[in-house]
Amino acid sequence: MSKRQEAVVPDMERQIEIMQELREISLSLAEQPLGYVDTYGCQQNESDSEKLRGMLVEMGYGITKDENLADVAILNTCAVRKKAETRVLGNVGALIHTKTANPRQVVVFCGCLAAVPETVDTIRESYKHVDLVFPPSQIWRFPEFLQRVRNEKNRVFIDDDVEGEIHEGLPLHRDNGVKAWLPIMYGCDNYCSYCIVPYVRGRERSRSFSVIVDEARRLVLSGAKDITLLGQNVNSFKSDIDAGSHDFATLIRAINEIDGEFLIRFMTSHPKDASDELFLAMAECEKAARHIHLPFQAGSDRILELMNRGYTKESYLEKVSRAKDLMPDIVLTSDVIVGFPGETEADFLETLDLIRKADFDAMFTFIYSKRPGTPAADFPDDMSRTEKQVWFEKLVDLQNEISERKHEGYIGKTVRVLVDGEAKGTEYPLRARTNGGRLVHLLGEPTLVGSFADAKISHCNNWSLFGDVV
């Protein structure tokens with residue numbers, strides 16, 4: 001198989017017909033049926049859930065946030081860590097009570113865990129109330145599957161996982177009018193030894209350059225102010241579908257040319273493919289947010305090789321230095337794994353050294369989670385969970401010190417923020433983000449939601465800033 005699969009866009013005509021057929025049935029009912037979508041994991045899953053909700057709306061369903069009221073209850077799952085899987089299975093088990101109260105309820109299990117054969121077997125044997133299971137690549141056929149469940153009155157399990165397809169033209173139902181997810185590619189070719197994603201999301205395939213730019217333009221016209229370009233590795237985006245060849249830096253420049261006031265963000269960025277062209281595009285495009293999330297995972301070259309990450313500690317730090325040279329105000333965040341199989345204290349100290357040198361604004365830290373089916377699952381791992389926890393806490397303490405120092409640098413300054421929603425608390429009623437993605441708890445009127453504003457920062461903690469609208 002070649003490194004990059006040619007993208008295939010399936011024919012949506014039959015799915016559109018089925019959505020219309022189901023809509024007519026919904027409209028004939030005394031009460032509008034309701035759909036519920038519970039999302040786990042990454043932003044790509046959030047984007048997929050927008051499509052699931054969009055299809056439900058096209059089929060005549062209202063959207064509810066209460067699974068007890070739902071006629072269709074969907075769990076869109078994550079397979080990256082064991083903790084997420086345990087939580088999902090607990091919640092899908094709890095749906096037996098909603099199904100008992102409403103026997104007509106259709107329970108749907110989809111997302112990345114639905115592409116893991118062992119998990120699907122568990123659902124088949126131990127969760128008899130689940131009616132429909134399908135993997136991420138088959139999301140575009142959801143109307144067809146739902147119709148089968150309704151018509152056949154049987155459970156439907158879909159295991160024909162087609163890796164090379166890109167589903168275009170699906171309806172969307174977005175919960176947030178200010179922030180928008182925009183997938184630009186699917187799948188991953190990196191095969192990091194600890195990661196299940198390539199096995200459940202398939203090989204890399206990029207969407208059409210012109211389709212993405214047109215979709216970004218429509219999002220801006222609809223009022224989106226914060227657009228996040230999504231992919232398992234956005235840096236490897238390469239669209240040959242249109243005339244010519246377009247890479248990720250070219251895509252950022254094209255979206256930057258769209259009229260309007262908005263920010264361009266992206267997730268996730270692989271260090272081995274983070275190029276000078278990307279950093280230059282970010283520096284030269286005024287709408288590109290000064291933030292890059294660049295997971296390093298480990299500071300030891302030996303562990304990085306075992307992880308199959310494709311870079312060294314030195315080459316990673318060189319890229320960080322280059323990004324900071326071009327954008328002195330860049331906000332740098334990252335991911336790190338503690339306790340990878342075979343990791344020694346010397347390896348861990350290399351990780352701490354990298355953190356000090358990179359000087360991250362914030363970091364997401366994880367203790368290694370064994371994922372069956374990945375190469376690392378077979379690596380010898382003699383370290384106890386208790387020992388890994390000690391390292392984890394040392395790492396968190398170090399990053400908290402750095403984050404607090406970084407955030408203290410904002411105090412007394414006035415920064416431009418996007419007010420993206422109302423907060424749950426009453427002391428600071430607004431929630432906002434800086435250009436660099438830092439969370440700001442804000443004093444101000446609700447009428448500011450959806451707009452850019454200047455905020456004077458008064459104080460901070462490790463994870464967020466606090467301020468008042470100027």
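**A walk through the predicted chain**

Asp 359 is buried, with a relative accessible area of 17%. Buried here means under 20% relative accessible area, exposed means over 50%, and partly exposed covers what lies in between, with a 1.4 Å probe and protein chains only. The place of Asp 359 is the loop between α12 (345-358) and β16 (362-367). Its phi is near 60°, a positive value in a residue other than glycine.

This is a predicted model: local features need pLDDT of at least 70, side-chain atom pairs count only at pLDDT 80 or more, and totals for chains, interfaces and linings use all residues. Residues are numbered from 1 along each chain as its sequence is written, and side-chain values use heavy atoms, with hydrogens and water left out.

Now the whole chain. The protein chain holds 13 helices and 21 strands. Its radius of gyration is 23 Å, close to the 23 Å that the globule rule gives for 470 residues, so the chain is as compact as a globular protein of that length. That radius is taken over C-alpha atoms, and the rule is 2.2 Å times the number of residues to the power 0.38. Helices (H or I, at least four residues) and strands (E, at least two) are DSSP runs, numbered from the N terminus. Along its principal axes, the C-alpha trace spans about 60 × 55 × 50 Å.

Buried residues make up 56% of the 470. The accessible surface comes to about 20500 Å², and 50% of it belongs to carbon and sulfur atoms. These areas come from the Shrake-Rupley method with a 1.4 Å probe; for residues, only the protein chains shown count as cover. Take contacts in the chain between residues at least 6 apart in sequence: 75% of them join residues at least 24 apart. Contact means heavy atoms within 4.5 Å.

Next, charge. There are 57 positive and 74 negative side chains, and the centres of the two sets lie 2 Å apart. Lys and Arg count as positive, Asp and Glu as negative; His and the chain ends are not counted. Each charge is placed at NZ of Lys, CZ of Arg, CG of Asp or CD of Glu.

Turn to strand β4, residues 106-111. Six of its six residues are buried, so the strand is largely enclosed by the rest of the structure. Val 106, Val 108 and Cys 110 point one way from β4. Val 107, Phe 109 and Gly 111 point the other way. Strand β3 (residues 72-77) runs parallel to β4, and six bridges join them. Strands pair if DSSP finds at least two bridges between them. Leu 75 has Phe 109 of β4 as its bridge partner.

Go on to Gly 299, in the loop between β14 (291-293) and α10 (301-307). Gly 299 is buried, with a relative accessible area of 1%. What does Gly 299 touch, not counting residues up to four places away in sequence? The residues are Lys 313, Glu 350, Thr 351 and Leu 354. Lys 313 is 14 residues from Gly 299 along the chain, and their C-alpha atoms are separated by 5.6 Å.

Two other loops have backbone features to check. A cis peptide bond joins Met 267 and Thr 268, with omega about -10°. Thr 268 lies in the loop between β13 (263-267) and α9 (276-284). Tyr 191 has phi near 50°, a positive value in a residue other than glycine. The loop of Tyr 191 runs between β8 (185-186) and α6 (197-201). Tyr 191 is partly exposed, with a relative accessible area of 27%.

Strand β17 (residues 414-422) includes Glu 422. Is Glu 422 buried or exposed? Glu 422 is exposed, with a relative accessible area of 53%. Leaving aside neighbours within four places in sequence, Glu 422 is in contact with Pro 429, Leu 430, Arg 431, Pro 446 and Val 449. Leu 132 is 290 residues from Glu 422 along the chain, and their C-alpha atoms are separated by 36 Å.

Strand β17 runs antiparallel to β20 (residues 452-460), and five bridges join them. Thr 414 stands opposite Lys 456 in β20. Five bridges also join β20 to β21 (residues 464-469), again antiparallel. There, Lys 456 stands opposite Asp 468 in β21. A hairpin links β20 to β21 through three residues.
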